[in-house]
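Look at the fold as a whole before turning to its parts.

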Amino acid sequence: MNITALAVAAGSACHRDAVWHAPVAPVRTVGGGVLAAPPPEASAFPPAAHEASAVRWMQGPAGDRARLERWRAGVGPVVVYRPDSMGPPPGAAALRDLPVVSWNTNVGGGDLDGLVDDLRSGRLRDGDSVAHFVLLLQEVFRRGPAVPRGLADRPRRIAALPPRGPRSDVVEVARRHGLFLFYVPSMANGWEADGDQAEDRGNAIVSTIPLAGLTAIELPFEGQRRVAASAIVPGDGEAGHAPPLRVVSVHLDNRSVLRRVYRSFGSGRTRQAEALASALARDPAADLPTVLAGDLNTWGPSAWERAVNVLRAHFPQGSALNVPTFAGRSLMVGRTLDHMMFRLPVPRATSQRPSGPSAGETERRAAFVPPLPVRLDDARGSDHYPLLARLLVGDGG
């Protein structure tokens, strides 16, 4: 099958607080697989106004720019993947009952193929198969020649093996299952050993539904480079049915650099959460219903961990989980690190002004049933449990 991917440069400079569109880079397709195109030359940034664009970039603060640049040097281009065979568009019924999963996959250690298979087969919904879904992923990886091997700030390599089969990068998974992908690398995945391919890792949004409004949000630097991924899942285009939905995948730092290590207990993540909330409020999609989910690494004392409260002030719906979401063996065992938050329209009815034959009718608007995220009990080889929420659209009245 001929697979097409759009690759967009992930690492180019822009002015502080400026928002600009990264130009689409050339595309190469190879025998049913995809190779991301190399980043454009530095002189191509910021792009000219007439250039085509696919991803909207919001860069981190100017004071962190030097550190961010050194980490950025280790990542390849953003990947926007669209399968050639897309099938019919989802109907209103599918969009009115949309499962959304958030999961830190531990850089390939989690069985992402198995999760997709379980969703589609109905094993996660009491036998009720799922045609359409959205995955908000953290710590996914991409391997191949598009990832640079030169000098860069790099973390240690993570290469845990999943319960079945070899590690699969997120582009391979999207290709195998015919899914749409928006992958934003944050950092290199360590140094490759002899014979290994270079890897980077970061956040991704994977969906059975085409994605629009692609946005990458670089967060303030604390311990590692972090970039949140945001996209729009289009609605069905009919009033009173499923509205467009903004989805955001985020991963905050678990610790800060040594010279400000005290911020590891919470204030560093608070700084990143405040920057993310501000960026999302400036986004053109700010008024859309929104799902924000990810690994917030909230392991510190509750009195110091304000990141969740900062984000909940903007995305207040969805009850807090009272179960551990970390499945690994470290000091964070038993902690709730992963969260799903929502800002969705509530049921309401707006009376129309009496006029003409429809006087007295009520305008019905789409509204969501209050979502209840749950933790899935199988970590599938990752050190985090997946979280699942069903977005149910009811009547607006």
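The model is predicted, so local features need pLDDT of at least 70 and side-chain atom pairs count only at pLDDT 80 or more, while totals for chains, interfaces and linings use all residues. Residues are numbered from 1 along each chain as its sequence is written, and side-chain values use heavy atoms, with hydrogens and water left out.

The protein has six helices and 20 strands. Helices (H or I, at least four residues) and strands (E, at least two) are DSSP runs, numbered from the N terminus. Of the 397 residues in the protein, 55% are buried. Buried means under 20% relative accessible area, exposed over 50%, and partly exposed in between, with a 1.4 Å probe and protein chains only. Among contacts (heavy atoms within 4.5 Å) between residues at least 6 apart in sequence, 77% join residues at least 24 apart.

Helix H5 covers residues 267-282. At 1.5 Å a residue, its 16 residues should span 22 Å, and its end C-alpha atoms are 23 Å apart, which agrees. The expected span is 1.5 Å times one less than the number of residues. Buried residues in H5 include Gly 268, Ala 273, Leu 276 and Leu 280.

Now take a single residue. Is Ala 174 buried or exposed? Ala 174 is buried, because its relative accessible area is 1%. Ala 174 belongs to helix H4 (residues 170-177). Apart from neighbours within four places in sequence, Ala 174 is in contact with Tyr 81, Leu 179 and Leu 181. Ala 174 and Ser 207 are 33 residues apart in sequence, yet 8.7 Å apart in space, C-alpha to C-alpha.

The strands come next. Two strands pair if DSSP finds at least two bridges between them. Strand S6 (residues 78-82) is mostly covered, with four of its five residues buried. S6 runs antiparallel to S9, and three bridges join them; within this pair, Val 80 stands opposite Phe 182 in S9. Strand S15 (residues 338-343) is also mostly covered, with five of its six residues buried. Six bridges join S15 to strand S14 (residues 290-295), and the two run antiparallel. Leu 292 stands opposite Met 341 in S15.

Last come the empty spaces. Rolling a probe the size of a water molecule over the atoms shows where empty space is left. On a 1 Å grid over the protein atoms alone, a cavity is a set of points where a 1.4 Å probe fits but cannot get out, and a pocket is an open set with protein on both sides within 12 Å along at least five of seven lines; lining residues have an atom within 4 Å of a point. Grid points are joined across faces, edges and corners, and a volume is the space filled by probe spheres set on the points.

How many cavities of 30 Å³ or more does the structure hold? There are four. The largest cavity has a volume of about 80 Å³, and its lining has ten nonpolar, one polar and no charged residues. Ala, Val, Leu, Ile, Met, Phe, Trp, Tyr, Cys and Pro count as nonpolar, Asp, Glu, Lys and Arg as charged, and the others, Gly among them, as polar. The second largest cavity, of about 60 Å³, is lined by one nonpolar, four polar and three charged residues. The largest share of that lining, three residues, comes from S10.

The largest pocket holds about 550 Å³ of space. Of the 29 residues that line this pocket, the closest to its centre are Glu 139, Arg 156, Ile 158, Asn 254 and Arg 255.
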